[in-house]
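Work through each task before reading its solution.

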Amino acid sequence: MAEEATAAAGEEHELASKPIPELVRRYTVVTGQGMLAQIIMVVLEGLVMGWGLGSHGLACVSIIMSVEYINLAFGNLFGTGVPAVVGNLLGAGDVKGASKAFSQGFWLTTIVSVLLAVVMAVFTEPICAFFGATPDIMTDTVAGVRTFAVLLPLTVIGQMVTAVMRVDEKVQVQANLMTVSAIVAICWLALSTFVLKFGVMGAGVYYGLSIGIWAIGIFWYVGGKKSQLQIKAADIKLDMSICGQILKIGFPFFLVQGATFIFNTVANSLLGTLGGDMGSLYIAAFGVINGYILYITMMVAQCFSYGLQPIAAFNAGAKAWARLKQTLSCTLKYQVVVLAVVTVALWLAATPVCAFFAGSDPALVEVAANATRIVIVAVCLGYLAMTMSMYFQAVEKVVVATVCGLLRYVIFSVPLMYLLGNMMGAQGVWIALVVADAITGVVSIALAMREQKRLAGLVA
């Protein structure tokens, strides 16, 4: 059997020996520790920005969030590609090859993120105009984006390094880094907003610190004492075969973030047009829902997809098909149940939750709460596509992973928003998101069932 042939190579790894349900729960929970810190940070961020920066500051921050999606796009590109390659090599027992792949991935991430930061720092004003900054907010927006750009290399590297830590069985360390970064970042945001009065520039630093601190994880991979994976200066000369594999595997999640940007742009445009005199109010409501409520829900879903990644990558590399099959089924079941509970809680508490993020505007709170009760209904199904995308990346099925990554945001949501929006007005945009989530869930479940059948055949 293939599993017996690779048992010796993986005998020192818990990913190869511990029961799958236990691994899924542990990796999800430990990843959730770091995510919980990030969720708390986002909650406090909404409180500080909503009540401290005012409408002008929030408008600037909405433009900075577009840049944040670029940061996440590149972070996901390398944060999925590098650990998937490393995990497969570790699962196959090739520790030396895994170390070289990690080192190459580090230097590739560094070079690309530095170039990206330079472009953003030099061409800040036209970039801000492209993302929708109007003349009245341009000066402050440029200051915030340029500040964020300085810290951008650290944020991209940090996402990659902490993702590798999960494959390297250092899940507690990466969770601790996420926790510390959340505490430091939100303390800075409060200090810069209420005491130092840095305004939008302080928010730019906040976005950089919130993930950039994760880059401290680099020190676990220098010196040869804390891990078998090592960063070596010689690997700055990139091996195109390794880098190509990393980019191929990570590209689907890069597209997901690009899809998120398209999704945001279309939603804002339609709500502004279809909302008539209340267009800006609908856009503000979408900002509250998508920027905080759905974002927090997505982070809960990411606990499961990130927890699945190292288990799936390792066991795929080890050809442990039975364990891989069980990993997929356990993760999806746990995810649906937990997100269903979160959905019910948010539906019941929609008004106070929206009031927390929307500030003191009662009209905005009412519109946001009513829309939340619609939009939140089927997210427990919609976010299955994200986990399926992560799974297919881990087993190096790039085409299917890419399709899964685009299902919710582009393939279904965008056409449905145009269709139902033109039929029903702004209300149709909210309903379109529910329909898109439901269809995405059905397709994701069908893909999971097909994959389970394939793995069952390999086990037999």
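**Exercise 1. Aromatic pairs.** How many aromatic pairs does a search of the whole structure find?

Solution. The search of the whole structure finds 12 aromatic pairs. Rings of Phe, Tyr and Trp (its six-membered ring) pair if their centres lie within 6.5 Å; planes under 30 degrees apart count as stacked, over 60 as edge-to-face and the rest as tilted. Phe263 and Phe286 have ring centres 6.0 Å apart and planes at 55°, so this pair is tilted. Phe263 belongs to helix α11 and Phe286 to helix α12, so the pair ties together parts 23 residues apart in sequence. Helices (H or I, at least four residues) are DSSP runs, numbered from the N terminus.

The basis of these values is as follows. This is a predicted model, in which local features need pLDDT of at least 70 and side-chain atom pairs count only at pLDDT 80 or more, while totals for chains, interfaces and linings use all residues. Residues are numbered from 1 along each chain as its sequence is written, and side-chain values use heavy atoms, with hydrogens and water left out.

**Exercise 2. Burial and a second pair.** State whether Phe263 is buried or exposed, then classify the pair of Tyr292 and Phe357.

Solution. Buried means under 20% relative accessible area, exposed over 50%, partly exposed in between (1.4 Å probe, protein chains only). Phe263 has a relative accessible area of 2% and is buried; Phe286, with 4%, is buried too. Tyr292 and Phe357 are stacked, at 4.8 Å centre to centre and 5° between the planes. This pair links distant parts of the chain, since Tyr292 is in helix α12 and Phe357 in helix α14 (residues 350–358), 65 residues apart. Both Tyr292 and Phe357 are buried. Elsewhere, ring pairs link Phe74, Phe251 and Phe254 into a cluster.

**Exercise 3. Charges over rings.** Which ring does the charged end of Arg166 sit over?

Solution. A charge sits over a ring if NZ of Lys or CZ of Arg is within 6 Å of the ring centre and within 35 degrees of the ring normal. The charged end of Arg166 is over the ring of Tyr306, 4.5 Å from its centre. Lys226 lies over the face of Trp220, 4.7 Å from the ring centre.

**Exercise 4. Cavities.** How many cavities of 30 Å³ or more does the structure hold?

Solution. On a 1 Å grid over the protein atoms alone, a cavity is a set of points where a 1.4 Å probe fits but cannot get out; lining residues have an atom within 4 Å of a point. A volume is the space filled by probe spheres set on the points. The structure holds 2 such cavities. The largest has about 150 Å³ of space and is lined by 16 residues, with Val256, Met298, Met386, Gly405 and Tyr409 nearest its centre.

**Exercise 5. Positive phi.** Where is Lys197 placed, and is Lys197 buried or exposed?

Solution. Phi of Lys197 is near 60°, a positive value in a residue other than glycine. Lys197 is in the loop between α9 (171–195) and α10 (200–212) and counts as exposed at 61% relative accessibility. Lys319 also has phi near 60°. Lys319 lies in the loop between α12 and α13 (321–348) and is partly exposed, with a relative accessible area of 42%.

Definitions and conventions: On a 1 Å grid over the protein atoms alone, a cavity is a set of points where a 1.4 Å probe fits but cannot get out, and a pocket is an open set with protein on both sides within 12 Å along at least five of seven lines; lining residues have an atom within 4 Å of a point. Helices (H or I, at least four residues) and strands (E, at least two) are DSSP runs, numbered from the N terminus.
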